[in-house]
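User: I'm new to this one and would like to learn how to read it. Could you walk me through it, feature by feature?

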Amino acid sequence: MRLTQQTNYAVRTLMYCAANPERPSKVADIAASFAMSETHLFKIMKVLVDGGLIKTIRGRNGGIVLARPANKITIGEVVRVAEESFYLAECFNSGRKDCPILTTCGFNGVLHEALEAFMDVLDSKTIEDIAENRKDLRKLLHIEAPLAAAS
């Protein structure tokens, strides 16, 4: 299973927000931290907003925040929102009936089982789990420390 760049950046964006819960995260800061274009990040943000994973805050002090606590957003949910399909092979698409052995092939069933196991693992982990070391994430992503911790 290979996830798309969109999913990779979606998870990174949510990790950034989880490491910065005290204030809205700026799109420019997130894009710079991960060396991605702001245009690309805006496309990913639309997917995350539509999926109910982030909220946008308008205005001078605006940005993006997690729509729910980080411990309530599973990695599996993010992957399902960000990925367009989970077709591991052509026969995975039920609309494709041109395989001559489709009705007797066990490969499709094995792939379904593998995908289910893959998603079970992703469903067992949250954004909080993968962003648990906030201090190091803040340092690596150049996120300012919260005001209370800055003194």
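**Reading the model step by step**

Analyst: Let's start with a single residue. At 59% relative accessibility, Ala 32 counts as exposed, since the cut-off for that word is over 50%. Ala 32 sits in helix α2. Keep in mind throughout that this is a predicted model.

User: Okay, let me zoom out. How many helices and strands does the protein chain have?

Analyst: Eight helices and two strands. Going along the sequence, the order is α-α-α-β-β-α-α-α-α-α.

User: And what do the contacts say about links along the protein chain?

Analyst: Take the contacts between residues at least 6 apart in sequence: 63% of them join residues at least 24 apart.

User: Now the inside. Which residues touch the most other members of the largest nonpolar core?

Analyst: Leu 14, Val 78 and Ile 127 do, in a core of 36 residues. Elements giving two or more residues to this core include α1 (5–19), α3 (38–50), β2 (63–66) and α5 (107–123). The largest share, nine residues, comes from α1.

User: Let me pick Val 78. Is Val 78 buried or exposed?

Analyst: Buried, because its relative accessibility is 0% and the cut-off is under 20%. Val 78 lies in helix α4. Setting aside neighbours within four places in sequence, Val 78 is in contact with Ala 10, Val 11, Leu 14, Leu 53, Ile 73 and Ile 127. Another pair to look at is Val 78 and Val 47: 31 residues apart in sequence, with 9.7 Å from C-alpha to C-alpha.

User: Which residues is Ile 127 in contact with, leaving aside its neighbours within four places in sequence?

Analyst: Leu 14, Met 15, Ala 18, Ala 70, Ile 73, Ile 75 and Val 78.

User: How do I read a helix as a whole? Which residues of α4 are buried?

Analyst: In α4 the buried residues are Ile 75, Gly 76, Val 78, Val 79 and Ala 82. They fall within an arc of 160° seen down that axis, so they line one face of the helix. Those buried residues pack against α1, α3, α5 and α6 (127–130).

User: How many salt bridges does the structure hold?

Analyst: First the general idea: side chains of opposite charge can pair when their charged atoms come close. This structure holds four salt bridges. One of them joins Lys 46 and Asp 50, with the closest N and O atoms 2.7 Å apart. Being four residues apart in helix α3, Lys 46 and Asp 50 are separated by about one helical turn. Lys 46 is exposed at 53% relative accessibility, and Asp 50 is exposed at 55%.

User: Which salt bridge does Arg 80 form?

Analyst: Arg 80 pairs with Asp 123, and the closest N and O atoms are 2.7 Å apart. Arg 80 lies in helix α4 and Asp 123 in helix α5, so this pair ties together parts that are 43 residues apart in sequence. Arg 80 is partly exposed at 41% relative accessible area, as is Asp 123 at 31%.

User: Last stop, the surface. Which residues make a nonpolar patch there?

Analyst: Met 1, Leu 3 and Leu 88 make one of about 230 Å². Leu 3 belongs to the segment before α1 and counts as partly exposed, at 33% relative accessibility.

Note on methods: Residues are numbered from 1 along each chain as its sequence is written. This is a predicted model: local features need pLDDT of at least 70, side-chain atom pairs count only at pLDDT 80 or more; totals for chains, interfaces and linings use all residues. Side-chain values use heavy atoms; hydrogens and water are left out. Contact means heavy atoms within 4.5 Å. A nonpolar core is a set of buried Ala, Val, Leu, Ile, Met, Phe, Trp, Tyr and Cys residues joined through side-chain atoms within 4.5 Å. Buried means under 20% relative accessible area, exposed over 50%, partly exposed in between (1.4 Å probe, protein chains only). Patches are made of residues with over 30% relative accessible area and no salt bridge: like charges are joined within 9 Å, nonpolar side chains (Val, Leu, Ile, Met, Phe, Trp, Tyr) within 5 Å. Accessible areas come from the Shrake-Rupley method with a 1.4 Å probe; for residues, only the protein chains shown count as cover. A salt bridge is a side-chain nitrogen of Lys or Arg within 4 Å of a carboxyl oxygen of Asp or Glu. The arc is that of the directions from the helix axis to the C-beta atoms.
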